[in-house]
Amino acid sequence: MPQLIAGNWKMHCLAADALALARGVAAGAGGITAELLVCPTALHLAAVAQALKGSTVAVGGQDCHYARQGAHTGDIAAPMLRDAGASWVILGHSERRQNHGETDELVREKTLAAVEAGLNPIVCVGETADQRAGGQETEVVGWQLAGSLPKPFTGVVAYEPIWAIGSGKTATDEDVAVMHAFIREELIRQFGDPGQTIRILYGGSVKPANAASLLAVPNVGGALVGGASLNPQEFLAIARAAQAG
Ligand code: PEP
């Protein structure tokens, strides 16, 4: 299976910038064997999806509601993302868990809604700096996996140590190897054989300079990229470092 290189544009870009960024990624995507995905703000998703039509770059949302529709002011339902051209959605990102109080249970409900709407979910897990300092990182990630993933689970998991997101600090290849091996074991324990092939992305200050070694770590199925995904050349350089699979 090819590695997945996903760009999380977060709350960046006005409409014209988002379109330019999307076109820049599509223009340089030729010859890249990794699967490419960009996740703009929901407001720009339809326009970005339209601009990327016919390219090899997929589009995803950054969150969705657990309900199909209803009285949820300001929220966005999974079928709306699908209708706008998304085929993926990021769920349980640490910025949503921390800033919006999202629990594992809520992330699981959202994941179910996403799958029902025909979206591929990317479910994020990861520990804080304090939890790692206390040696609790695998325990925390184990609980998040057990609570956030519905059974069966057909999506992708992203391991994103919170202390590495947007900080310029990257987990060492050894840290990533240990955690991804643990996540693989947990996925097999939870889901049996299908757990062998669920892709596990690494996220946290992935840049062109560190991408090749991170993407070569066993059980790393791609990268979830924040800051570097806002520059098409950097994002493409990371994608070129990906393994053909
Ligand atoms: C992210 O927010 O998912 C992320 C990995 O960000 P960054 O690459 O900027 O650390």
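Q: Where does serine 205 lie?
A: This is a predicted model, in which local features need pLDDT of at least 70, side-chain atom pairs count only at pLDDT 80 or more, and totals for chains, interfaces and linings use all residues. Residues are numbered from 1 along each chain as its sequence is written, and side-chain values use heavy atoms, with hydrogens and water left out. Serine 205 lies in the loop between β7 (200–203) and α9 (208–215). Helices (H or I, at least four residues) and strands (E, at least two) are DSSP runs, numbered from the N terminus.

Q: What is phi of serine 205 near?
A: Most residues other than glycine have a negative phi, and most peptide bonds are trans. Phi of serine 205 is near 55°, a positive value in a non-glycine residue.

Q: Which peptide bond is cis?
A: The bond from lysine 151 to proline 152 is cis, with omega near -5°. Proline 152 sits in the loop between α7 and β6 (156–159).

Q: Which residues come nearest the ligand?
A: A residue counts as near if one of its heavy atoms lies within 4 Å of the molecule or strand in question. There are 14 residues around the ligand, and Lys10, Glu160, Gly166, Ser205 and Gly226 come nearest.

Q: Which atom of serine 205 lies 2.7 Å from an oxygen atom of the ligand?
A: Look for polar contacts: pairs of N or O atoms within 3.5 Å; within protein, one must be able to donate a hydrogen and the other to accept it, and residues adjacent in sequence count only if both atoms are side-chain atoms. Serine 205 uses a backbone N or O atom, 2.7 Å from a ligand oxygen. Lysine 10 places a polar side-chain atom 2.5 Å from a ligand oxygen. For glutamate 160, a polar side-chain atom lies 2.7 Å from a ligand oxygen.

Q: At what angle do α5 and α7 pack?
A: Two packed helices are described by the angle between their axes and the distance between the axes. Axes are lines fitted to C-alpha atoms, for helices over the stretch in contact, and angles run from 0 to 180 degrees between N-to-C directions. Helix α5 (residues 104–116) and helix α7 (residues 137–148) pack at about 45°, with axes 7 Å apart. That makes α5 oblique to α7; angles under 35 degrees count as roughly parallel, over 145 as roughly antiparallel, 65 to 115 as roughly perpendicular and the rest as oblique.

Q: Which residues of α5 and α7 meet?
A: Contact means heavy atoms within 4.5 Å. Asp104, Glu105, Val107, Arg108 and Thr111 of α5 meet Trp143, Gln144, Gly147 and Ser148 of α7.

Q: How far apart are the axes of α7 and α8?
A: The axes of α7 and helix α8 (residues 173–191) are 10 Å apart, at an angle of about 35°. On the α7 side, the contact includes Val141 and Leu145; on the α8 side, Phe182 and Ile183 are among the residues met.
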